[in-house]
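Here is a quick tour for anyone meeting this structure for the first time.

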Amino acid sequence: MTDTLFTPAKIGPVELRNRTIRSAAFEGMGRDNGPTDELARYHWSVAEGGVGMTTLAYAGVCRSALSFNTQLWLRPEIVAPLRDITDGIHSRGAKASIQIGHCGNMTHIATAGGIPVGPSTGFNLYSPTIVRGLKEDELKQLARDFGNAVRTARDAGFDCVEVHAGHGYLISQFLSPYTNKRRDKFGGSLDNRMRFMRMVMEEVMEAAGSDMGVLVKTNTRDGFKGGLEIDDCITVARELEQLGAHALVLSGGFVSKAPMYVMRGEMPIYTMTYYMKQLWLKYGVRAFGKMMIRDEKFKPLFFLEDSLKFRRELKLPLVYVGGVIDGAGARKIMDSGFEFVQMGRALLNEPDFVNRLAAEADHACGCDHVNYCIARMYSREMACHHNLKEPLPKGIKREIEKIRERDQ
């Protein structure tokens, strides 16, 4: 393995023991918008497995940010159990980060406590729900909520926060012309559409102070016609650099429009609906899922070509994410000038993947990219089908085999 991967490196004031980070892939392991023992055990296993930093995924900055009961809501009431998780991560030699964000128009009345909000009034078919456009005074409060979330994360023992500004979440919804139809100073030109992001980052950087690292997940492109393309996304990235972000996580896609552009591969519709409890949703997705969720061919390092364009334009540390499945891929990322590499499915398949890379330079994880983990993560906890204790239902097994055959 290239020595660089296993050398210490800093994100702002925070030094990691190596250049590997567990990505903020949603675990689905929360309950009542708080952490569980299951969430703790998973992140402890990844820390013990050698990763430089592990990231707890999606923590809403306020009640209106929530789409699911299994998401975290970063508030004082859950500081103590989160502190138990970060203490366990630290005792195993890794650093701890938490992703903070707001789902915007992808929320629900039941979880968000009111009509879902976004840049513009309209309807989100993904939820599905009516959406109310945010007022300027509400945007100021939401920006403060991001800052308060950082302070709560510090109280809970986190070393870093990762601000979610991609994938069609609220900040991304303001950036994208697809979702931002406003006619005030928060809409129109890209400079205007970045205004809310600036407000959030000012609050976040002030709250982070001199002792916390700040990463921002941002798109390389939205992944569909009518969304942000690469030149606009580079402009956004330059702005984030100017705003003081310590590192950028380069991703892409839009959950409510191009979800598989984020994750790649085929969405197993039968598997996805098998775990759904609402009958109307189960049979609706079975009938129309293939029309709504377009497949995107998986290939190793699928974001590398676009990410290299950002590397040439930016000076701050960049975190590569997307299709790192073996030692050769990790070496290529390091040799391409990226400071860190994030991994999700590899560390779900093998929580000790990093230790295995250290022991065997050419090690490849056992993930077969059939996306079983993704199909179940919004109904149950995220899990790799290779690691289940219970047998797979016959219908799911058949679907997995068909996807494998199509990928060959």
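A word on classes before we start: Ala, Val, Leu, Ile, Met, Phe, Trp, Tyr, Cys and Pro count as nonpolar, Asp, Glu, Lys and Arg as charged, and the others, Gly among them, as polar. Keep in mind, too, that this is a predicted model.

With those classes, the lining of the second largest cavity comes out as seven nonpolar, four polar and two charged residues. Nearest the centre of this cavity sit Cys 367, Asp 368, Cys 373, Cys 384 and His 385. Helix 14 gives the largest share of that lining, three residues, and helix 16 (372-376) supplies at least two.

The model has four cavities of 30 Å³ or more. Here are two of them:

| Cavity | Volume | Lining residues |
|---|---|---|
| Largest | about 660 Å³ | 41 residues |

Around the largest cavity, the lining splits into 27 nonpolar, twelve polar and two charged residues. Ser 23, Ala 25, His 167, Val 262 and Met 263 lie nearest its centre. Helix 9 gives the most to this lining, with three residues, while strand 4 (53-60), strand 14 (340-343) and helix 14 (345-349) each supply at least two.

Now for the helix pair. The axes of helix 1 (residues 37-48) and helix 2 (residues 79-91) come within 9 Å and cross at roughly 15°. That is why helix 1 counts as roughly parallel to helix 2. Their crossing is right-handed. On the helix 1 side, the contact involves Leu 39, Ala 40, His 43, Trp 44 and Ala 47, which meet Asp 84, Ile 85, Gly 88 and Ile 89 in helix 2. By class, this contact has six nonpolar, two polar and one charged residues.

Notes:
Residues numbered from 1 in each chain as written. Predicted model: local features only at pLDDT ≥ 70, side-chain atom pairs only at ≥ 80, totals over all residues. Heavy atoms only, no water. Axes fitted to C-alpha atoms, helices over the stretch in contact; angles between N-to-C directions. Helix = DSSP H or I, 4+ residues; strand = E, 2+ residues; numbered from the N terminus. Parallel < 35°, antiparallel > 145°, perpendicular 65-115°, else oblique. Left-handed = near helix turned anticlockwise from the far one by under 90°. Contact = heavy atoms within 4.5 Å. 1 Å grid on protein atoms, 1.4 Å probe; cavity = no way out; pocket = protein on both sides within 12 Å on 5 of 7 lines; lining within 4 Å. Points joined across faces, edges and corners; volume = space filled by probe spheres on them.
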